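These are my notebook entries on one structure, kept in the order in which I looked things up. The sequence and the coordinates come first, and my notes follow.

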Number of protein chains: 4
Amino acid sequence: MRFGFLGPERTFTHQALLQVLKQPLLQDALRTTGQELIAYPNVAGAAGDLVAGDIDALMAPIENSVEGGVSGTLDVLAATTGLTIIAEEIVPITFVLAAREAVELSEIRTVASHTHAQAQCADFVRINLPGAAPIPALSTAEAARTIAEMDPSDPAARTSAALCSPLAAESFGLHVLADGVEDNIGAQTRFVLVARDGKIPPRTGTDKTTIVAHLAHNRSGSLLEILEIFSAYGVDLSRIESRPLGDALGRYSFSIDMEGHLEDRRVEAALQSLHRICSRLVFLGSYQRADGAEPTVDDAVSDTTFDEAQEFTAHLRAQIAD
Amino acid sequence: MRFGFLGPERTFTHQALLQVLKQPLLQDALRTTGQELIAYPNVAGAAGDLVAGDIDALMAPIENSVEGGVSGTLDVLAATTGLTIIAEEIVPITFVLAAREAVELSEIRTVASHTHAQAQCADFVRINLPGAAPIPALSTAEAARTIAEMDPSDPAARTSAALCSPLAAESFGLHVLADGVEDNIGAQTRFVLVARDGKIPPRTGTDKTTIVAHLAHNRSGSLLEILEIFSAYGVDLSRIESRPLGDALGRYSFSIDMEGHLEDRRVEAALQSLHRICSRLVFLGSYQRADGAEPTVDDAVSDTTFDEAQEFTAHLRAQIAD
Amino acid sequence: MRFGFLGPERTFTHQALLQVLKQPLLQDALRTTGQELIAYPNVAGAAGDLVAGDIDALMAPIENSVEGGVSGTLDVLAATTGLTIIAEEIVPITFVLAAREAVELSEIRTVASHTHAQAQCADFVRINLPGAAPIPALSTAEAARTIAEMDPSDPAARTSAALCSPLAAESFGLHVLADGVEDNIGAQTRFVLVARDGKIPPRTGTDKTTIVAHLAHNRSGSLLEILEIFSAYGVDLSRIESRPLGDALGRYSFSIDMEGHLEDRRVEAALQSLHRICSRLVFLGSYQRADGAEPTVDDAVSDTTFDEAQEFTAHLRAQIAD
Amino acid sequence: MRFGFLGPERTFTHQALLQVLKQPLLQDALRTTGQELIAYPNVAGAAGDLVAGDIDALMAPIENSVEGGVSGTLDVLAATTGLTIIAEEIVPITFVLAAREAVELSEIRTVASHTHAQAQCADFVRINLPGAAPIPALSTAEAARTIAEMDPSDPAARTSAALCSPLAAESFGLHVLADGVEDNIGAQTRFVLVARDGKIPPRTGTDKTTIVAHLAHNRSGSLLEILEIFSAYGVDLSRIESRPLGDALGRYSFSIDMEGHLEDRRVEAALQSLHRICSRLVFLGSYQRADGAEPTVDDAVSDTTFDEAQEFTAHLRAQIAD
């Protein structure tokens, strides 16, 4: 089994992939096959290789509790035909300020990191490193590597620091000058493990289903119509993000996570209704929830109630004269 | 074929039954069997005989454009198991003031009729017969018969009149003193022809479906929920009446006519959703509309769209791993 | 003070009027003025006299727990300008079978009553008086009077009975052959006391508001729209009746009782929204509930919350540049 | 007048600010005061200075037709008290590939730009510059400046290029190797001009209103409830974005642009209803639309209709007895 992930190594995505591979369900599947982990520079590349069969699954961040949806991942998943999310993993996000030596914070002149991490640690930097200049990097791990590989004879080597994950700081042998430097303590990122079509995991009872719904623009109020469908079938949403269609301002698709599994009649019914009114509906997977929370299902939308309703009309239709 | 109707003879119900028997669909069915028409004093009695097999169908008024729903019929249909409406007929309602002789209106001292007819002609009577006393009768035809059978030597015979149908006045040989005496010109009554279960007529394309829905009282706002279902499936309602459940003030069922036939996927889907949320759902029939009006069906609720939505989820469910 | 009521005397309406006049609020108003009670043959006549100033209030039945809305009253209230419901009264409905002498049930050959009472006691009559003929009367009290005034020498005097209220049987000195003969034990009728405009009683905290809403026929789904308004403002409905507009089948107004008083902000807001979307909106009164039930008011629709919302936009509008 | 903008200079934001300052309305206000433009490294800094009174307005991107909402701007506007959007500007977004010399594309080894621009030109780079390495920069203008300031003797100076705006390429004297290199031709970014509170521009008839609504988490289905409010008042939305509250996954606020102005009664009514049900509601401004599109306002939500509805209840409340 070959697993791609949004690299480079030692980022939170790498960590999420290592975590998800310990899930009992996946452990069983992986017992005899072994595994290879491959870092990709972007999700689009990994998705292409996945569709082509070069890798068996890919791991990518989909949502952060502070920054919101990860556009890059959302847009690739929505645009690529033939992919299915088969698992999710949630990783707490915490940053350290790391340098080559155990210097005072006041000595630091530059802070390297990905712009997202710079944004997430902005308060700490403003207060503790008021004079330091931000240096952009392609990833937090890349920032750590850059610091680690500086020429020790360069005076800047002593005054340069990186904002990175504890894992990256440790891997590259950096000194942690401060930890927990993120503005929002308790931030989390949710990652999804994506496989090729045709492998929807069976219902576990604590599941989530992900879709992308394109509104039909000849129907006014269609987001309202979509939410009414979920409400009518008692399907709760755990995430809803608008994404621009890209052709003009004001035209959107909606990326949605709902409680429940395709095998739940209420979810199946909601998907059918969405299919009727959306101009395009992309099913991105039904999979076990990372938090194991069980949904509360009203009697009116239980599988039994759906079966009884179907029997009711089937019995009537049998009485239609020829 | 034996047809019961809410009697006595020569009422509008009798007229509606004669009219419906001329419908081409029914003509075919009746060609070889002949027909017998039987007047019943009330709908409950006719419904009992219909369920027992003593008659083959019954005709009863269900709705008047001025007076509203006919409670007696609605309640019997809702309460009797095993009945199906198979046709409807609409009859214009007009009354005459009829007497034994061609007297002046100013000579009339009493006006006999059913209380409903008295109500529908109240303006005419107040203006033209200010001193006349109302005499209650069990039906408009019964009122006409009473006048016709008065003893000519009784002085009251000359000063008594009846409010009745033109048909009844003619049948009993009365003089029409005034016609079109109803307050609301253009009033209509809708009648339904009811058969035993198991004989739902096939879809014609211009159909109506009648149900009774009992609200589940542990769900707040359930009438709203019911209307949202019809709206979601693009099913228009042509009649909605609340009827008390009878056990306490403020508890209702709803008697509903909707556009479309049980064979229409949007109607079937609406019935299934209603079955899930109602405490009781009574199907009273799918049958051709008397007015022949064709419904406008949005693409999102056409049979084709429903089929495609079902294929969409069926295709996905086939991909669920064992 | 002169009070009209739907007569004749000794009906349930008469009883309801006597009951409502004992309400403490009305007692105060009536202390010095005295009262006169006047029976009317129909609600329209009483309403005309009320508008003309000949009487000060009128009492009429509006709803029965078995029969449903009382069309005659609903239609007159909806059509008459200048009336306000100021109180309601609920009366348990029970009938007796009464005759001139204490005869055996098997001797009874005719049963006189209003057709509604005949309908409500149909089971009792079918089972216990299988051979008896129904005789229509203008009211249950009139039926009792007719029996009482029969010529004792007429053999039919002994075999005639009336279905009437216990009060009427007693008043006319009849023998009660059987009591509680109604099919639905526990039936109730709700009556309303109606005054001229300009006398809306102040909020008591346990109030009800009555309106008639005409749907705008250029807006599809407008009953749904109306119910959404009540839902949005957390206003529960205790009664909703469709009444035909009278001009054609399928065109309705809705007669509605809602919880709360015009002085409640949520009720005022709902009325304003209804006024915007209805083709016609008739306010028929805010008055204390007979059952004294207190509504549950969600924080989001409390008077305080409405005031805060108004202050929010008022504060913003003050910042608009000239 | 001092105007801040998200710098550095020569980005699209700079261009948008120059454009908006030409709007007739602002021209009038600026005639006598002169103007100074100040680039800020981030929106938070500019917002702080704006609140402190150091600048009079700030310009920032809020939405891109390809990338979606600009989180940095949305989050600062939502979190900062005392700001009002007073104008919007829409700028077409197009990128050029620019270098120090007119070299062949095949010679380019590195491509510098902001990660967002790298993302927006990914297809062009993959196809035309397959071997080139991406170099992160703090902005597209900064990337252009870096290339311009390279030491000509450095061999890399010839093989380095930047993805930047045509304005930046021209300003820094770079050669345009290719223009229109963005994947999505026709992309646009919307910018907003933000002032301090108390300066809401008056209604023009073609306006937009921006808010941030925090859902009350004790109300299930509250996004549905919010959309129902807009639907009930006929207020169309032109943008809706979910933004995480930051405390946990699955908790959101919604950033919303609606058609219409605070002075429109339907908008005022919608804001009041939102205020009642949202745990927090931030008003971010009513301002003229850049596209000048006039909304279609249904009669049921016109100012006149609102006034009439208010008069209706005011007239009734005047009749409540003391």
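**Entry 1: pairs without contact.** I began with chain B and chain D and found no contact joining them; their closest C-alpha atoms lie 13 Å apart. I then looked up chain A and chain C, which are likewise joined by no contact and have their closest C-alpha atoms 13 Å apart.

**Entry 2: ground rules.** I note that this is a predicted model, in which local features need pLDDT of at least 70, side-chain atom pairs count only at pLDDT 80 or more, and totals for chains, interfaces and linings use all residues. Residues are numbered from 1 along each chain as its sequence is written, while chains are lettered from A and ligands numbered from 1 in the order in which they are written.

**Entry 3: chain A by itself.** I counted 12 helices and 15 strands in chain A. Helices (H or I, at least four residues) and strands (E, at least two) are DSSP runs, numbered from the N terminus. The C-alpha trace of chain A spans about 95 × 50 × 35 Å along its principal axes. Of its 322 residues, 52% count as buried. A residue is buried if 20 or more other C-beta atoms, placed from the backbone, lie within 10 Å of its own. Among contacts in chain A with a separation of 6 or more, 78% are between residues 24 or more positions apart.

**Entry 4: chain A against chain B.** I recorded 31 residues of chain A in contact with 31 residues of chain B. On the chain A side, α10, α11 and α12 (303–317) each supply at least two residues. The most comes from α12(A), with 9 residues. By type, this side of chain A has 16 nonpolar, 7 polar and 8 charged residues. Here Ala, Val, Leu, Ile, Met, Phe, Trp, Tyr, Cys and Pro count as nonpolar, Asp, Glu, Lys and Arg as charged, and the others, Gly among them, as polar.

How is chain A laid on chain B? A turn of 180 degrees and a shift of 0.0 Å along the axis do it, with an RMSD of 0.0 Å. That is the relation of a two-fold axis. Copies are superposed by least squares on the C-alpha atoms of residues with pLDDT of at least 70 in both. I also noted that 100% of the interface residues of chain A are interface residues in chain B too, so the copies meet through the same surface.

**Entry 5: chain A against chain D.** I found 34 residues of chain A in contact with 34 residues of chain D. The elements of chain A that each supply at least two residues to this side are α4 (71–79), α5 (115–120), β8 (133–136), β11 (188–196), α10 (222–232) and β13 (237–244). The largest share, 7 residues, comes from β13(A). This side of chain A divides into 14 nonpolar, 13 polar and 7 charged residues.

**Entry 6: two helices of chain A.** I looked up α10(A) and α11(A) (residues 265–277), whose axes come within 9 Å and cross at roughly 160 degrees. That makes the two helices roughly antiparallel, a term for angles over 145 degrees. The axes are lines fitted to C-alpha atoms over the stretch in contact, and angles run from 0 to 180 degrees between N-to-C directions. From α10(A), the contact uses S222(A), E225(A), I226(A), I229(A) and F230(A), and from α11(A), it uses A270(A), S273(A), L274(A) and I277(A). These residues divide into 6 nonpolar, 2 polar and 1 charged.

**Entry 7: A269(D).** Is A269(D) buried or exposed? It counts as buried because it has 24 C-beta neighbours inside 10 Å. Leaving out residues up to four places away in sequence, A269(D) touches Y233(D) and F306(D).

**Entry 8: a helix of chain C.** Last, I looked up helix α1 (residues 12–20) of chain C, which is mostly covered, with 7 of its 9 residues buried. The buried residues of α1(C) are F12(C), T13(C), H14(C), Q15(C), A16(C), L17(C) and V20(C).

Key
Two residues are in contact if their C-beta atoms, placed from the backbone, lie within 7 Å. Angles under 35 degrees count as roughly parallel, over 145 as roughly antiparallel, 65 to 115 as roughly perpendicular and the rest as oblique. A residue is buried if 20 or more other C-beta atoms lie within 10 Å of its own, exposed if 12 or fewer, and partly exposed in between; C-beta atoms are placed from the backbone.
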